[in-house]
Amino acid sequence: MEKYLINPNRKMSKISKDIYGNFSEHLGRCIYEGLFVGEDSDIPNVKGMRKDVVDALKEMGLPVLRWPGGCFADEYHWMDGIGPLENRKKMINTHWGGVIEDNSFGTHEFFELCDQVGCDAYITGNVGSGSVREMSEWVEYITFGGKSPMADLRRQNGRENPWKIKYFAVGNENWGCGGNMRPEFYADNYRRYQTFVRNYEGNDRIYKVACGPNGEDYNWTEELMKHAKNHMDGLALHYYTVTGDWGHKGSATEFTHEEYYKCLRKAYHIEEIITRHLEIMNRYDPSKRVDLVIDEWGTWHDVEPGTNQGFLYQQNTMRDAVVAAINLNIFNKHSDRIRMCNIAQTVNVLQSVALTDGAEMVLTPTYWVFRMFKDHQENTLVDSYITTEKKGTESDKLPQLIESASMDENGVIYSTLTNTSASEVAEIRCQVADSAVKSVRAEILTGEIDAYNSFDSKNNVHTEEFTSFNMTADGFEAALPACSIVKFIIER
């Protein structure tokens with residue numbers, strides 16, 4: 001039996017709710033058909049936003065949404081997406097599928113979506129193909145409440161009061177699709193562009209995010225921290241879990257136990273990547289003023305057979321759910337430095353939380369993980385430790401149990417545990433230090449490693465009450481099924 005210790009006396013850091021953010025890009029059917037159908041659609045909507053998806057995101061507790069990309073952001077010119085629909089420019093989405101982008105979803109629509117969901121806005125500006133003036137005027141258009149050309153244009157387009165931008169990214173993947181820049185060149189460009197992302201009177205200060213590294217590119221972090229740390233609030237890391245290689249990533253639904261463990265081991269590798277980037281950041285920023293932001297993460301599999309390769313549409317199994325739980329537990333553990341994370345992507349793209357087909361919607365196993373974990377938002381991370389063996393194959397092993405624990409303002413503890421084993425039950429004995437436990441409740445998400453929800457079987461994978469535990473004077477004993485995520489709520 002593994003020993004699990006939670007110490008509420010040792011408070012570690014506040015878990016930002018924005019660790020549980022999502023990412024939406026003009027890619028495939030994420031925006032169009034996934035989030036936005038237009039007011040004339042037969043699909044139930046409010047001002048063009050799909051009611052079923054909006055309701056699901058509200059229930060999931062979505063705190064912040066990133067838009068408009070992604071690679072699309074560095075070819076997006078915001079003025080093409082404002083004003084009367086019939087006057088908006090049509091363009092080719094050269095990054096994703098070569099389809100026509102009619103710009104019917106633009107700035108006003110994005111903020112309407114955020115209002116309906118009740119989440120904050122995270123906007124990515126165009127550095128790759130845009131000008132300093134264009135970026136500056138977009139911020140003015142959105143946030144300035146006084147009289148100016150851009151504020152007047154916003155009013156002309158039907159919005160009197162300014163909106164709030166919580167986070168603003170100065171470019172995206174500028175080491176790749178955002179301009180193929182060297183870190184020194186981007187650092188200078190970042191310093192220049194961010195100067196004109198202004199905080200207008202009466203609006204909250206905008207949190208500025210610099211393009212950070214691609215996975216294990218530690219030199220990028222070194223150069224950005226060396227040359228631009230005083231001008232940024234956050235540095236954005238991107239890391240995708242790819243089971244195979246970029247040429248053949250592997251199927252989302254048909255995989256072996258060996259491929260299951262390979263995927264999970266690669267997901268767990270983000271712990272080392274985060275640690276090494278933070279070590280570099282700490283050398284240049286010992287006061288830890290600059291946060292780490294992980295605004296693209298998740299699994300990337302081959303697209304579903306018969307779908308557009310450029311649309312990145314993939315199914316979502318219990319394997320993906322375990323990947324999500326691994327990541328979120330790791331992010332919680334690093335909440336002293338991680339401010340925000342955004343899984344890619346919200347609907348119909350990569351590791352999405354929902355899939356749509358016409359008027360139908362399916363919630364994925366990943367959705368249920370986010371809904372389970374939402375109780376951690378704005379809680380205090382408390383010290384916790386679990387003894388656990390490594391499981392897997394000879395070449396791909398990772399800890400069988402991965403966890404985090406937090407405490408709310410009333411002293412209630414929320415513990416999320418992931419049993420990564422494909423076949424073995426995990427028996428644990430949890431002790432809460434210096435505490436007499438009054439009650440324990442639990443919720444579980446589990447199934448075969450390749451189980452998923454389809455439009456023919458929407459509830460194949462979902463959360464249920466978990467009762468396979470015994471409460472003790474200072475905690476509980478439990479048997480966690482293979483391939484499972486369990487949340488315990490402990491009242492003292």
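K288 is found in the loop between α8 and β12, where helices (H or I, at least four residues) and strands (E, at least two) are DSSP runs numbered from the N terminus. K288 has a positive phi of about 60° although it is not a glycine. The model is predicted: local features need pLDDT of at least 70, side-chain atom pairs count only at pLDDT 80 or more, and totals for chains, interfaces and linings use all residues. Residues are numbered from 1 along each chain as its sequence is written, and side-chain values use heavy atoms, with hydrogens and water left out.

**Overall architecture**

- The secondary structure of the protein comes to 10 helices and 26 strands.
- The radius of gyration, taken over C-alpha atoms, is 22 Å, close to the 23 Å that the globule rule gives for 492 residues, so the protein is as compact as a globular protein of that length. The globule rule is 2.2 Å times the number of residues to the power 0.38.
- Along the principal axes, the C-alpha atoms of the protein fill a box of roughly 65 × 55 × 45 Å.

**The barrel**

- A barrel is closed by 8 strands in the order β2-β5-β8-β9-β10-β11-β12-β13, with parallel pairing; two strands pair if DSSP finds at least two bridges between them.
- From one strand to the next, the twist averages 30°. Axes are lines fitted to C-alpha atoms, for helices over the stretch in contact, and angles run from 0 to 180 degrees between N-to-C directions.
- Strand β5 (residues 64–67) and strand β8 (residues 120–125) run parallel and are joined by 4 bridges. W67 has I123 as its bridge partner in β8.
- Helix α8 packs on this sheet, touching β10 (207–214), β11 (234–241), β12 (291–299) and β13 (338–344); contact means heavy atoms within 4.5 Å. The direction of α8 makes about 160° with that of β11.

**The open sheet**

- An open sheet of 10 strands has mixed pairing and the order β23-β22-β26-β20-β19-β16-β1-β21-β25-β24.
- Its edge strands, β23 (464–465) and β24 (469–472), each pair on one side only.
- Strands β19 (residues 401–407) and β20 (residues 413–419) run antiparallel, joined by 7 bridges. L401 has N419 as its bridge partner in β20.
- Helix α10 (residues 365–373) packs on the sheet and touches β20, β22 (439–446) and β26 (484–491). The direction of α10 makes about 165° with that of β22.

**Helix pairs**

- α6 with α8: the axes of helix α6 (residues 218–228) and helix α8 (residues 270–284) come within 9 Å and cross at roughly 25°. The two helices are therefore roughly parallel to each other; angles under 35 degrees count as roughly parallel, over 145 as roughly antiparallel, 65 to 115 as roughly perpendicular and the rest as oblique.
- The crossing of α6 and α8 is right-handed. A crossing is right-handed if the near helix is turned clockwise from the far one by less than a right angle, and left-handed if anticlockwise.
- In α6, Y218, T221, E222, M225 and K226 meet E272, I273, R276, H277, I280, M281, R283 and Y284 in α8. The residues of this contact divide into 6 nonpolar, 2 polar and 5 charged; Ala, Val, Leu, Ile, Met, Phe, Trp, Tyr, Cys and Pro count as nonpolar, Asp, Glu, Lys and Arg as charged, and the others, Gly among them, as polar.
- α5 with α6: the axes of helix α5 (residues 183–195) and α6 come within 9 Å and cross at roughly 40°, and the crossing is right-handed.
- P183, E184, Y186, A187, Y190 and R191 in α5 meet N219, W220, E223, L224, H227 and A228 in α6. By class, the contact of α5 with α6 has 7 nonpolar, 2 polar and 3 charged residues.
- α9 with α10: the axes of helix α9 (residues 318–333) and α10 come within 8 Å and cross at roughly 30°. α9 and α10 are therefore roughly parallel to each other, and their crossing is right-handed.
- M318, D320, A321, A324, A325, L328 and N329 of α9 make the contact with P365, T366, V369, F370 and F373 of α10. These residues divide into 9 nonpolar, 2 polar and 1 charged.

**Backbone geometry**

- Most residues other than glycine have a negative phi, and most peptide bonds are trans.
- The peptide bond from W67 to P68 is cis, with omega near 5°. P68 is found in the loop between β5 and β6 (91–92).
- The peptide bond from A344 to Q345 is also cis, with omega near -10°. Q345 lies in the loop between β13 and β14 (354–357).
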